[in-house]
Amino acid sequence: MLDAFGLQQGGSQYRRLVASFQRIFGATIFFGTDTQLDRTAVVHSARFSFMSEARIWYSQSTLERLLPGDCQNMILLSDEFYREILNHPIPTDLEAAKALSSSPAALDLFMWLSYRCFTARGQERIPLFGPFGLVSQLGSVEYARPRKFREKLEGWLGIVRAIWPTCPACIDKEGTSLLVGRAFAVVPSEVSQVSTRTT
């Protein structure tokens with residue numbers, strides 16, 4: 001997996017990957033709606049986990065490539081999550097993700113834009129602030145000050161556009177919303193190769 005994302009093979013990278021999988025394994029996604037009917041309230045909730053089973057090992061020794069016997073890394077996706085990604089695939093680009101692996105904030109924005117642009121039905125306006133704003137969706141609470149977040153967002157968009165030149169996202173003239181349109185975040189191979197070499 002480290003190879004797939006172009007990450008270094010050092011122990012710290014591997015331990016970080018293992019820790020990430022441990023956090024993902026413990027995470028549960030909750031969905032819900034509440035509807036107020038004439039005489040009663042209806043609450044509909046659902047939840048699922050990403051994985052149903054995981055077995056990941058790492059060694060301090062670079063000489064030990066495999067554990068003896070049949071002890072191999074194994075990640076088993078939950079049935080619900082597997083069906084969800086099969087039924088609602090989002091086209092994105094692994095080479096772009098690899099190129100952005102050293103910039104987590106830009107990678108987060110790229111993956112978010114991959115989804116929003118793919119599902120957009122035309123030009124859509126996403127507020128930057130507020131309970132459903134981009135700050136909350138990206139989890140960027142440290143940039144809650146409007147001017148600071150806008151500066152950071154401009155920088156991240158510049159990095160994303162270097163990888164995905166046709167990305168339709170831009171901040172509106174008032175600086176209060178992000179405008180997105182329908183597009184696919186699959187980068188032409190020649191662009192991704194140039195971007196990977198320059199990052």
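Reader: Leaving aside its neighbours within four places in sequence, which residues is R116 in contact with?
Author: This is a predicted model. R116 is found in helix 4. Setting aside neighbours within four places in sequence, its contacts are E124, I126 and Q137.

Reader: Is R116 buried or exposed?
Author: Buried means under 20% relative accessible area. R116 has a relative accessible area of 18%, so R116 is buried.

Reader: At what angle do helix 4 and helix 6 pack?
Author: Helix 4 covers residues 104-119, and helix 6 covers residues 146-163. Their axes lie 9 Å apart. The packing angle is about 70°.

Reader: Is helix 4 roughly parallel or roughly perpendicular to helix 6?
Author: Angles of 65 to 115 degrees count as roughly perpendicular. The two helices pack at about 70°. Helix 4 is therefore, relative to helix 6, roughly perpendicular.

Reader: How many nonpolar residues does the contact of helix 4 with helix 6 have?
Author: Helix 4 brings A105, A106, L109, F110 and L113. Helix 6 brings L153, W156, L157, I159 and V160. No polar and no charged residues take part, and the nonpolar residues number ten.

Reader: How many disulfides does the count come to?
Author: A disulfide needs two cysteine sulfur atoms within 2.5 Å. For C117, the nearest cysteine sulfur is that of C167, 5.2 Å away. For C170, the nearest is also that of C167, 9.0 Å away. The count of disulfides is zero.

Reader: Is C117 buried or exposed?
Author: The cut-off for buried is under 20%. C117 has 0% relative accessibility, so C117 counts as buried.

Terms used:
Residues are numbered from 1 along each chain as its sequence is written. This is a predicted model: local features need pLDDT of at least 70, side-chain atom pairs count only at pLDDT 80 or more; totals for chains, interfaces and linings use all residues. Side-chain values use heavy atoms; hydrogens and water are left out. Axes are lines fitted to C-alpha atoms, for helices over the stretch in contact, and angles run from 0 to 180 degrees between N-to-C directions. Helices (H or I, at least four residues) and strands (E, at least two) are DSSP runs, numbered from the N terminus. Angles under 35 degrees count as roughly parallel, over 145 as roughly antiparallel, 65 to 115 as roughly perpendicular and the rest as oblique. Contact means heavy atoms within 4.5 Å. Ala, Val, Leu, Ile, Met, Phe, Trp, Tyr, Cys and Pro count as nonpolar, Asp, Glu, Lys and Arg as charged, and the others, Gly among them, as polar. Buried means under 20% relative accessible area, exposed over 50%, partly exposed in between (1.4 Å probe, protein chains only).
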